[in-house]
Amino acid sequence: MEGPREPTPVLAPRVQVEFYVNENTFKERLKLFFIKNQRSSLRIRLFNFSLKLLTCLLYIVRVLLDDPALGIGCWGCPKQNYTYNESSSEINWAPILWVERKMPLWAIQVIVAIISFLETMLLIYLSYKGNIWEQIFRVSFILEMINTLPFIITIFWAPLRNLFIPVFLNCWLAKHALENMINDFHRAILRTQSAMFNQVLILFCTLLCLVFTGTCGIQHLERAGDNLSLLTSFYFCIVTFSTVGYGDVTPKIWPSQLLVVVMICVALVVLPLQFEELVYLWMERQKSGGNYSRHRAQTEKHVILCVSSLKIDLLMDFLNEFYAHPRLQDYYVVILCPTEMDIQVRRVLQIPLWSQRVIYLQGSALKDQDLMRAKMDNGEACFILSSRNEVDRTAADHQTILRAWAVKDFAPNCPLYVQILKPENKFHVKFADHVVCEEECKYAMLALNCICPATSTLITLLVHTSRGQEGQESPEQWQRMYGRCSGNEVYHIRMGDSKFFREYQGKSFTYAAFHAHKKYGVCLIGLKREENKSILLNPGPRHILAASDTCFYINITKEENSAFIFKQEEKQKKKGFSGPGLYHGRPCPCAAFAYGDRGHGPPKHGVPACTERRGRRGQQAGTPTGTAPAGRRPSTSIAPVLELADSSALLPCDLLSDQSEDEMMPSDDEGLSVVEYVKGYPPNSPYIGSSPTLCHLLPVKAPFCCLRLDKGCKHNSYEDAKAYGFKNKLIIVSAEMAGNGLYNFIVPLRAYYRPRRELNPIVLLLDNKPDHHFLEAICCFPMVYYMEGSVDNLDSLLQCGIIYADNLVVVDKESTMSAEEDYMADAKTIVNVQTMFRLFPSLSITTELTHPSNMRFMQFRAKDSYSLALSKLEKRERENGSNLAFMFRLPFAAGRVFSISMLDTLLYQSFVKDYMIPITRLLLGLDTTPGSGYLCAMKITEDDLWIRTYGRLFQKLCSSSAEIPIGIYRTQCHVFSTSESQVSVSVEDCEDTREVKGPWGSRVGGGGGSAHGRQTAGADPAEHPLLRRKSLPWARRLSRKGPRHSGKAAAEWISQQRLSLYQRSERQELSELVKNRMKHLGLPTTGYEDVANLTASDVMNRVNLGYLQDEMNDHQNTLSYVLINPPPDTRLEPNDIVYLIRSDPLAHVASGPKSRKSSCSNKLASCNPETRDETQL
């Protein structure tokens, strides 16, 4: 049975719906066309402006065609002649009410009036919002009605066609239309509206309208007077408004006189307001800087500097370094900064040298409008710098990252040079062409300062552009030499195009370095293969040079600015003296090397290529006087470097055996309790983007509790540094918090190429407790500890083992980087470090400052005439335009003070030398490219003086161990001038100084030290005679040896002695203070040697470290300085520390263990079994 059928659904018809963006009414469509749409509205306003100008022009035509003398009257009425009578006081109003208007002119004016009237009524209708009176009483509407309705009425009433209508008032309507048109024009082309341009235009139009209104009004009213012409009326208005008032033309009737009064009142009210607005906008524009024009951007080259706040020091560092290169003299610098220009910056930018080159724009890099003002898309480069003076450095980095993103989004083709403060933020800007991370470089440099003295000074001098003429007018020899060597920089050249290195194509790298330095005095430090982007420092003798290689070298100037004057070379070649034959006492070819001065003045000094004229002058430079240790018999000749390295060369196996011996052969005093270290990559990096470095690591990670130095745990009970029994001296780092940058302080000190016996314990003295992420990153490194404390707390310093430390690094704290008064941010750090100098005089302290100018307060001594002389020298060098005016300050020259702002020039220099950042990172150990060498140091001892000169040392190191020297750290004694409040005490006045001969630093028996520092003095005072005894015997001995004085001179001499005794008692008080605090803390006082018990060995060790000997002698002091690539004929001196680039020991082990072992076994029989942790000469 079938059920009921379901009804079929009925399909509803489809309906098409149209959606409109605006209301689809006639009024809304008109409003869209006349008002809302920018382009159509612009056309309407342009048409309206043209109509108003046309009416003004028609009025002028009517005035020129009208002559009242021919008769006046209404349209169609008989004309009446009128003559002005000066004696009559009555005014005939007919010439004022009626004018002569020709029929064609009337018709044109009527048509224009009808169009204007209809347009006005339409706009009133479209803009009506419920209040009609507001629309009616607008000034523009009233003027429109006055100038249009009478013409429309004359269509229907003919006699009124000659009625005067003030059409000249349309100039004000034209001014209003022009303002609206400019606004719409800026909106239509999507450009920033220039308020300055608008205001100038408004002011000009206002003046023009006032003059035009006054001219036309006076001319028309004077029709009943003297009947002035239009030109005469214009002359009268100009004379009147300019307040000159000659009086030759004056209005005759009172209506025209009243009009003049009204116009003057209007001018006195309107014009000052316009001028005030214009001046205000002008001042605002001066603050904001205006625009960098598109035409200049397309025809001239410019770079953009984006900063959060611009200080005068940062600006001058940038400008001096940027414009130091001759190729950049025609570049412009556009500064984009969101803050108002500083007063000091404004003064500097007004100097003609900079006012023509530097353009300051106030704006934000996050606004496309401001980037467009700076023409970022046409820029050659954009430098984005972080504000290091911010308390929150992470927030400063976030601002830098956003700026970099904004610039990359707006101008993707503009090269970016970005400065980042914290390393964990570096990966956000890895797209930039060049990135410098401040904390990475800072901590790595401070770490190298502990093992390679004055590395900070070395790197700073290398990355600064210098002319090498600093200090050349100084009477001090060390200042002249130090300033001359500071002009050495890193340059590059393609090998096939180089006169320096072209002849060494197909030879080994070491061979090229050997001969280039011997012949030209040029230090070849590295190269880059054409197919490889990585730079290799000292790749070693197995690296063969190709013509396409890019060579990097250190020299006083680049090869392109050098003139070559060859002498005797052809003669030597004819005699067959070439290759290895040059190194066995025969004369070598001498190439005089003249340098251009990079466009900065007279030529620089030349470097004699022939540095060793080895005529046999007796035994003057023969074998050394003493006997050398076994296995270290020095030879008077220097072995040649092979053109191609032998497969069984000593270098690879020697270095590798050094490392293996260092681990497998513990010394007797270490016994069997030595923890075996392993070499590997740190398993936990604290941040993204850190370069992997092969390091000495613990086999098993240390528990976090064992990393605390001052508290015992269940694994050990040690609570002070003495209990650990460290074999090497400590390195203490004082920082506010354990930032990720501190990780880069540990890595260079634990790198695999550092011999294990040279590893110093590292103690982190932190104000705040480190977090677990940081502890997880450092727990794999051997002998790394931390404790909570502050550098200004004596108890914290003693607990962390400062009396067992060799180096103390004081890092600038973030909380002190900003101060109410500029340059006061370093006040606390400077005073604390000065206190530590007094309490622990034998400690090597490296201090980081926020402002480089404050380094003059380090090791400050009142009434020091020598410091005053250095200050004058610094001012003179700054006046001469030096970029390194502070280089002669003793703490900087000795590498005892450092400011991270000194490395800003590294980023600036990368614009011309794009290889400077990679080379600097390789030198600092931040990057470890396979096959690239590393920076280390060696010490010149008495046994090494047979080499005589730096040039021979360069050749010796190249031929023996393939190491490349790049400079010398020299410490020498210096007699400072006497001041009134000080007394000089010579060494000979002290008894039992048998180890010291002559002045400090001249000759010292047994005063040697390690390769990177000093040896600790023996604890037994009998082994080291005291340089000073108790104060009373010392004073009596001084009085016996001193000259005889009489009268006033004797009294003055006695007062000086008393002052010295007072200073002596002060030092004793400091010593007692330290000992009492150590006893209170339960620490043993045996390790603390106060100033009163300094031994001769201690003094010489401090001399070697470049410290001022305030305690020993107020005038006989030492100073230290860095010589980069000194001339080859520079004489070596005892205790010189030579900077070396040593080749990578792992670069030559890829051939397999069997071949390496067989190669090494052939050489180990003749090798010294000692650990070769430094270069043996």
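# Close-up legends for a predicted model

**View 1. D710 counts as buried, at 15% relative accessibility.** Buried means under 20% relative accessible area, exposed means over 50%, and partly exposed lies in between (1.4 Å probe, protein chains only). This is a predicted model, in which local features need pLDDT of at least 70 and side-chain atom pairs count only at pLDDT 80 or more, while totals for chains, interfaces and linings use all residues. Residues are numbered from 1 along each chain as its sequence is written, and side-chain values use heavy atoms, with hydrogens and water left out. D710 sits in the loop between β14 (695-697) and α23 (721-724). Helices (H or I, at least four residues) and strands (E, at least two) are DSSP runs, numbered from the N terminus. D710 contacts E719, M787 and Q799, with neighbours within four places in sequence left aside. Contact means heavy atoms within 4.5 Å.

**View 2. F383, F501 and F745 touch the most other members of the largest nonpolar core, which has 202 residues.** Helix α17 (residues 438-451) gives the largest share of this core, 9 residues. Domain 1 (289-432) and domain 2 (678-904) each supply at least three residues. Those domain bounds come from an automatic or database domain assignment. A nonpolar core is a set of buried Ala, Val, Leu, Ile, Met, Phe, Trp, Tyr and Cys residues joined through side-chain atoms within 4.5 Å. F745 touches Y443, L446, A447, C450, I731, V733, I762 and V809, not counting residues up to four places away in sequence. Another core, of 26 residues, lies apart from the largest one; V334, I359, L371 and V429 are among its members.

**View 3. Helix α6 (residues 139-156) carries a kink of about 25° at T148.** The kink comes shortly before the proline P150. The bend at a residue is the angle between axes fitted to the seven residues ending there and the seven starting there. At 1.5 Å a residue, the 18 residues of α6 should span 26 Å, and the end C-alpha atoms, 27 Å apart, agree with this. The expected span is 1.5 Å times one less than the number of residues. Buried residues of α6 include F141, E144, M145 and T148.

View 4. T120 counts as buried because its relative accessibility is 12%.

**View 5. UniProt places a "transmembrane region" at several spans, including residues 46-65 and 228-247, in an unreviewed entry.** UniProt positions follow the numbering used here, feature names are shortened, and annotations may be inferred rather than shown by experiment. Residues 46-65 are 100% helix and 0% strand, with end C-alpha atoms 29 Å apart. Residues 228-247 are 60% helix and 0% strand, with end C-alpha atoms 15 Å apart.

**View 6. T905 lies in helix α30 (residues 904-909).** T905 is buried, at 2% relative accessibility. T905 touches E321, V463 and H464, not counting residues up to four places away in sequence.

**View 7. R948 has a positive phi, near 80°, and is not a glycine.** Most residues other than glycine have a negative phi. R948 is in the loop between β21 (934-939) and α32 (950-961). Its relative accessibility is 15%, so R948 counts as buried.

**View 8. N1135 has a positive phi of about 70° although it is not a glycine.** N1135 is in the loop between β25 (1116-1124) and β26 (1137-1142). N1135 is buried, with a relative accessible area of 15%.
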